[in-house]
Every structure is written in C-alpha cells, then in structure tokens.
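Here's a quick tour for anyone who likes to check geometry before setting up a calculation. Have the viewer open as you read.

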Amino acid sequence: MKKGAVKTREEISLIAEGGTILHDILYRTAALAKPGVSTWELNEFAETEIAKAGGRPSFKGYGGKKNPYPAGLCTSVNSEVVHGIPSKKTLLKDGDIVGLDIGMEYKELFTDTAITVPIGKVSALAEKLLEATQKSLNAAIKQAKPGNRIGDISFAIQSTAEAAGFSVVRDLVGHGVGYDVHEDPSVPCYGKKGTGQVLKTGMVLAIEPMLCEHEYFVDFDKDGWTIRTKDGGLSAHFEHTIAITEYGARILT
Ligand code: MF3
Ligand code: CO
Ligand code: CO
C-alpha cells in the first residue's frame with residue numbers, strides 16, 4: 001500500500017466527481033442482474049460505461065504481471081465473499097445474492113464502491129444479511145470524523161454485524177484510497193473503540209464491511225482471486241469511498 005496522505009479540497013472534489021459517476025454505473029449494472037444473466041455480461045456493461053465516462057477500470061490488471069485481475073468488476077455469488085471473477089459460465093439464478101464491486105480511475109484519482117444485490121426472491125436470511133451489512137456500513141460511516149480513530153469505524157462494523165447474528169471477515173480490510181486502488185491506512189471490519197490511527201480531515205477511506213452467515217474464515221480459490229467462506233455460508237459486502245471532513249464523513253460514491 002502507498003502512503004495514503006491527506007487529500008486537498010480540490011482532490012476530494014475530483015474524487016467526488018468520479019465517485020458520483022461510479023455510483024451511477026454500479027446501480028445501472030445492478031439493474032441488469034437478473035436470473036439467466038451471466039456475471040460476464042455485467043462486467044461488459046460496467047467496463048463499457050466506465051470507458052464512456054472517460055474513466056479506467058482500476059481493478060483490471062491489478063495485482064501485477066503474474067496473475068492480474070482480469071475484469072473491471074468483481075462479481076461474488078452467495079458464499080463468495082469478494083473478488084469473484086466474472087464469467088460467461090456463471091449465470092445468476094433466482095435466490096442468489098451477488099456482490100458487485102467496482103473501481104475507477106478518473107482524472108488520475110481512484111474510487112471504489114460495492115453493493116450486494118438479491119436476484120429474484122431470496123431467503124429471509126439472505127435479506128437479513130444484506131440489511132445487516134448495509135447497516136454496518138452506515139454505522140461505520142457515522143464514526144468517520146476527525147478526532148475519532150480507525151478502531152471506532154472497525155468497532156461499529158463488528159458490533160452492528162454481531163448484534164444481527166453475523167460474523168465479520170478478518171483476513172480482508174478496507175483501506176485508504178485516492179491516489180491508488182489501495183493505500184494506507186487499513187480499515188479492518190473488527191476492532192476496539194479508541195484504538196488505531198486518529199482520523200484527520202482530508203483522509204479518504206474505502207470502508208467495506210464483509211459479513212458472513214456463520215463463521216468468518218475464508219479460503220482463496222485456485223484462480224488466485226475468488227475468496228469464499230470456508231464453511232460455505234452466505235456472505236455480503238457493501239463499500240463506499242468517503243472523505244473525512246470537519247463536519248464528518250462525506251460519502252463520495
Ligand atoms: N475492490 C476491492 C476492494 O474493495 C479490490 C479489488 S482488487 C481486484 O478493495 F483486483 F480484485 F479487483
Ligand atoms: Co471494492
Ligand atoms: Co476497497
């Protein structure tokens with residue numbers, strides 16, 4: 001991860017400009033996610049829209065020469081936590097939940113945002129998981145203000161998730177963002193209030209709760225990217241890029 005310095009007002013305006021566009025692309029991609037549609041089609045749409053907007057899909061090629069991430073969108077179905085690779089063979093079906101995570105470089109600045117959406121009619125449990133994950137993100141964003149610490153964000157995610165009966169992933173974290181896909185600091189989904197780095201005006205963070213139905217242990221697929229729950233339980237992921245302002249968090253995506 002890069003340094004993750006504080007951003008200027010001008011940089012934050014540009015990140016917000018890209019973030020607004022990316023938010024719109026993500027929701028229009030999600031509107032296409034229906035039974036019978038492949039995750040490959042979703043990626044095609046998302047990449048095309050990013051190009052039309054004058055951006056670059058920042059996940060594509062990420063991770064270096066050996067096994068670069070091959071798409072602009074991550075599509076993670078059911079027990080897949082994050083970084084699922086879009087495929088023509090992965091057709092969405094009624095009852096699935098699919099995480100859609102997207103990143104864009106726009107005017108040399110980066111944003112990152114994700115939602116998990118239901119396909120057709122999903123179980124009551126899946127609905128509850130989606131709600132709790134969104135609620136964890138909202139609770140975390142409320143803690144993202146100057147003078148608070150990273151641990152306050154982490155604690156908000158963990159306590160909201162666990163109160164709803166779910167667990168939070170330990171092996172993956174949120175992060176600074178803006179000059180690169182991932183910057184310092186790490187923003188874990190679990191932690192203690194009042195611990196970790198102090199939040200300062202101008203910091204830009206990607207906060208991304210990953211909740212699991214049962215246990216939080218994960219496995220990495222042999223494709224080098226897809227991450228699944230070890231026990232096969234469902235998992236959901238929501239993410240926003242936010243800026244710390246003197247008034248509190250400003251959601252940029
Ligand atoms: N979007 C992921 C995150 O939230 C990073 C994806 S990296 C990729 O941090 F290479 F898998 F795309
Ligand atoms: Co992301
Ligand atoms: Co992220």
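## Ground rules

This is a predicted model, where local features need pLDDT of at least 70, side-chain atom pairs count only at pLDDT 80 or more, and totals for chains, interfaces and linings use all residues. Residues are numbered from 1 along each chain as its sequence is written, chains are lettered from A and ligands numbered from 1 in written order, and side-chain values use heavy atoms, with hydrogens and water left out.

## Cobalt ion, ligand 2

D101 (through two OD entries), D112 (OD) and E239 (OE) coordinate this cobalt ion at 2.0 to 2.5 Å. Donors here are N, O and S atoms within 2.8 Å of the metal (3.2 Å for Na, K and Ca); water is not among the atoms, so sites may look incomplete. The six donor atoms of ligand 2 give angles of 57 to 164°, and the site is irregular.

Along the chain, the donor residues of ligand 2 follow the spacing D-x10-D-x126-E. D101 sits in strand 4 (residues 97–106) and D112 in strand 5 (residues 109–118), so this pair links parts 11 residues apart in sequence. Strands are DSSP runs of E with at least two residues, and helices are runs of H or I with at least four, numbered from the N terminus.

D101 is buried at 6% relative accessible area, and D112 is buried at 3%. Buried means under 20%, exposed over 50% and partly exposed in between, using a 1.4 Å probe and protein chains only.

## Cobalt ion, ligand 3

D112 bridges the two cobalt ions, ligands 2 and 3, which are 3.3 Å apart. Protein donors to ligand 3 are D112 (OD), H175 (NE2), E208 (OE) and E239 (OE), at 2.0 to 2.2 Å. Its six donor atoms subtend angles of 52 to 173°, so the arrangement is irregular. H175 and E208 are both buried.

## Ligand 1

Oxygen atoms of ligand 1 lie 2.8 Å from a side-chain N or O atom of E208 and 3.0 Å from one of E239. The protein covers 98% of the 340 Å² of accessible area that ligand 1 has on its own (Shrake-Rupley method, 1.4 Å probe).

## N43

N43 belongs to helix 2 (residues 39–52) and is buried, at 5% relative accessibility. A polar atom of the N43 side chain is 3.0 Å from the backbone nitrogen of G72.

Definitions and conventions:
Polar contact = N/O pair within 3.5 Å; in protein donor to acceptor, adjacent residues only side chain to side chain. Tetrahedral: all angles 85-135°; square planar, octahedral: opposite > 155°, others 65-115°.
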